[in-house]
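Subject: Structure for your review

Hello,

Here is the structure for you to take over. My notes on it follow below.

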Amino acid sequence: MFRKPQDEEAPQVSKPPTVGEQSAVRTRSVSVIGPTLVFKGELSADEDLVIQGTIEGTIAHHKKNLTVGKEGRVKADINAAAVVIEGQVDGDIHGDDYVELAKSAVVNGNIFSPRIKMADGAQFNGSINMGKPAKLSVAEDASRAHKIGA
Amino acid sequence: MRPERTRLEPDIYNDGDSSTSGGSDSHGARPGASIFGATMVLKGDLSLAEDLIIEGSFDGSITQGDQRLSIGVHARVKANIRTGSAIIAGDVDGDVRGSRTVIVKKTARLHGALTAERLCLETGANLEDVVLSGNIARTRGAEG
């Protein structure tokens, strides 16, 4: 009689598109840079983007998700909400939500994100900056330890 | 509401041979096509060897093999374009050279030289200072 709304479990952060998800392009508006595509210049977008080709220049992609596929080669700084890297990136990666490196990822650059996931086998040369330190109970213990030490 | 993507029309491109249209997905592009959505803005040089759908804004140059190019109704392209076949429904400022068929839809605004083996112009297309060269096929707008 009384049905529960089905959309209650909808996640707050949408998942980044995965490679091969192009068939859903009409409903989720995912842009795709194909494997044979080579682009040098400036790219900006306000929709999810999958890069399987080669991009050199700048990528301004705030608030949306970006995936660099296995065949993707990016020589650019990346700004996006969630970033998933399966290919190669030379440049800094800024992820407002999180940055994920798959095992096939090769990243030469720095990562700036509050959440970072790296798979075993991912190659990463650079530094990680997670911004403000998270408020954990460990911090209380640390302050107590400091008092004891003093 | 999002505008519908411009359909690539394999029956026209293939001159009646529909054998290669089996792999098309919902928007008519073959799997592996590149798609630039409505919010994408690109400035630079682009080369590729696969189908391309542009619905956003592009400024620069496009060099494509003999694949298919679709320029959507709301797309704005300022570029010299070399392609195989093309459907133009949006705004194009630049020279377009197609090695096969180029279709200009009635919603298109075109400024530049248009060269193709076969040209198909819909009634109502806005052509400003356009130099055409190629075999003019039947105007599609007159069919209905």
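The model is a predicted one. A:Gly53 sits in the loop of chain A that runs between strand E3 (48–51) and strand E4 (54–60). Setting aside residues within four places in sequence, the contacts of A:Gly53 are A:Ile33, A:Gly34, A:Pro35, A:Thr36, A:Leu37, A:Val38 and A:Gly72. A further glycine, A:Gly87, is 34 residues away from A:Gly53 in sequence, with a C-alpha to C-alpha separation of 9.7 Å.

Chain A as a whole has 2 helices and 13 strands. It has 150 residues, of which 37% are buried. If one takes the contacts in chain A between residues at least 6 apart in sequence, 10% of them join residues at least 24 apart.

Next, the contact between the chains. Chain A puts 22 residues into it and chain B puts in 23 residues. On the side of chain A that touches chain B, the elements giving two or more residues are helix H1 (25–28), strand E1 (30–33) and strand E2 (38–44). E2(A) gives the most, with 7 residues. By type, the residues on this side of chain A comprise 9 nonpolar, 8 polar and 5 charged.

In chain B, the element I looked at is strand E5 (residues 68–71). In a regular strand, side chains alternate between the two faces of the sheet. Both faces of E5(B) are covered, with B:Arg68 and B:Ser70 buried on one side and B:Leu69 and B:Ile71 buried on the other.

E5(B) has these strand pairings:

- Strand E3 (residues 52–54) of chain B runs parallel to E5(B) and is joined to it by 3 bridges. Here B:Leu52 has B:Leu69 as its bridge partner.
- Strand E7 (residues 85–88) of chain B pairs with E5(B) in the parallel sense over 4 bridges. Here the bridge partner of B:Ile71 is B:Ile88.

Regards

Definitions and conventions
Residues numbered from 1 in each chain as written. Chains lettered and ligands numbered in written order. Predicted model: local features only at pLDDT ≥ 70, side-chain atom pairs only at ≥ 80, totals over all residues. Contact = placed C-beta atoms within 7 Å. Nonpolar A, V, L, I, M, F, W, Y, C, P; charged D, E, K, R; others polar. Buried ≥ 20, exposed ≤ 12 C-beta atoms within 10 Å, placed from the backbone. Pairing = 2+ DSSP bridges.
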